[in-house]
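Dear colleague,

I am handing over the structure we spoke about, with the sequence alongside. Please look through it first, and then read the notes below.

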Amino acid sequence: MTAKKQTKPAAEEGTRAYCGPTIPGVAKQFTFYRGGVPEALAEAQKQHPVLGGLIVPLEQLPEAMEQLRKKTGPIYALYIKAQARN
């Protein structure tokens with residue numbers, strides 16, 4: 001198995017979680033990334049900037065999950081936009 005190339009060095013960025021909808025071959029919902037995101041997700045983010053708002057610091061994950069569960073708040077709004085990106 002080959003390692004995925006990260007976009008930023010580990011020293012610059014802590015653990016982050018992707019809260020958006022699963023994108024086959026790119027990112028799975030609630031995947032954790034340490035030291036940056038994989039190249040595929042970074043490229044998808046360039047094409048659909050809304051995805052960047054769905055990558056949150058680990059400390060913000062409980063709040064993001066609550067917004068998704070309650071279907072309210074800025075994370076949920078971004079999630080809906082990300083689902084409609086196709």
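**Helix α3 and its buried side**

In helix α3, which spans residues 74-83, the buried residues are I75, Y79 and A82. Around the helix axis they cover an arc of only 65 degrees, and they therefore lie on the same side of α3. The face of α3 that is turned away from this buried side carries the exposed residues P74 and K81. As for what covers I75, Y79 and A82, the buried residues of α3, the cover includes strand β3 (55-57) and helix α2. Please keep in mind throughout that this is a predicted model, and that the values given here are computed from it.

**The chain as a whole**

The chain holds three helices and three strands, and when it is read along the sequence these follow one another in the pattern β-β-α-β-α-α. It has 86 residues, of which 35% count as buried.

**Salt bridges**

How many salt bridges does the chain have? The count comes to two, taking as the rule a side-chain nitrogen of Lys or Arg within 4 Å of a carboxyl oxygen of Asp or Glu.

One of them joins the side chains of K46 and E43, with a distance of 3.3 Å from N to O. These two residues are three apart in helix α1 (residues 39-47), so that about one helical turn separates K46 from E43. K46 is exposed, its relative accessible area being 60%, whereas E43, at 40% relative accessibility, counts as partly exposed.

The other salt bridge is formed by the side chains of E66 and K70, at 2.8 Å from N to O. Both E66 and K70 belong to helix α2 (residues 61-70), where they are four residues apart, or about one turn of the helix. Here E66 counts as partly exposed, with a relative accessibility of 29%, while K70 is exposed, with a relative accessible area of 53%. Helix α2, which holds this pair, is also among the elements that cover the buried residues of α3.

How values were computed:
Residues numbered from 1 in each chain as written. Predicted model: local features only at pLDDT ≥ 70, side-chain atom pairs only at ≥ 80, totals over all residues. Heavy atoms only, no water. Buried < 20%, exposed > 50% of the residue type's maximum accessible area, 1.4 Å probe, protein only. Arc of directions from axis to C-beta. Contact = heavy atoms within 4.5 Å.
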